[in-house]
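Dear colleague,

My notes on it follow directly after.

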Amino acid sequence: MNIVIPSYVAGPLFLIILFALCFAAAVLIRKAACAVKSKRENSEPPPAEPAPKPKSSRRPARARTIKPRPVKSIEIDPDQVDRIYVRKTG
């Protein structure tokens, strides 16, 4: 078996070549997408300006305010209790 290029040289070399090909393909696809987008924008006529909307006499709605919830607290006597179990609700 006569190997021309050792694998420790061919591996990184092929990796660099594959990376360059993928990078070039990505750049070309991006350029093509930008060219198509600019062609489409130039070919379409500008949209007609919409008629001005009449101003309504209603006042704008106020933003809802969040009511603060009361903080629930309890007092625990450490001499009487050795463990505390807490269950999350809501």
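Accessible areas in this message come from the Shrake-Rupley method with a 1.4 Å probe. On that basis, the accessible surface of the protein chain comes to about 10,700 Å², and carbon and sulfur atoms account for 62% of that surface. Please bear in mind that this is a predicted model.

Overall form

The protein chain has one helix and zero strands. Its radius of gyration is 35 Å, well over the 12 Å that the globule rule gives for 90 residues, so the chain is more spread out than a compact globule. Along the principal axes, the C-alpha atoms fill a box of roughly 85 × 65 × 15 Å. Buried residues make up 1% of the 90 residues in the chain.

As to charge, the protein chain carries 17 positive and 7 negative side chains. The centres of these two sets lie 15 Å apart.

The helix

Phe 23 is found in helix α1. This residue counts as exposed because its relative accessible area is 54%, and the cut-off for that class is over 50%. Between the C-alpha atoms of Phe 23 and Ser 38, which are 15 residues apart along the chain, the separation is 23 Å.

The segment after the helix

Helix α1 covers residues 7-43, and Ile 76 is found in the segment after it. With a relative accessible area of 40%, Ile 76 is partly exposed. Ile 76 also belongs to a nonpolar patch on the surface, together with Ile 74, Val 81, Ile 84 and Val 86. The accessible area of these residues together is about 520 Å².

Thr 65 likewise has its place in the segment after α1. Its relative accessible area is 66%, so Thr 65 is classed as exposed.

With kind regards

Terms used
Residues numbered from 1 in each chain as written. Predicted model: local features only at pLDDT ≥ 70, side-chain atom pairs only at ≥ 80, totals over all residues. Heavy atoms only, no water. Patch = residues over 30% accessible without salt bridge, like charges linked within 9 Å, V, L, I, M, F, W, Y side chains within 5 Å. Salt bridge = Lys/Arg side-chain N within 4 Å of Asp/Glu carboxyl O. Helix = DSSP H or I, 4+ residues; strand = E, 2+ residues; numbered from the N terminus. Buried < 20%, exposed > 50% of the residue type's maximum accessible area, 1.4 Å probe, protein only. Rg over C-alpha atoms; globule rule 2.2 N^0.38 Å. Lys, Arg positive; Asp, Glu negative; His and termini not counted. Charge placed at Lys NZ, Arg CZ, Asp CG, Glu CD.
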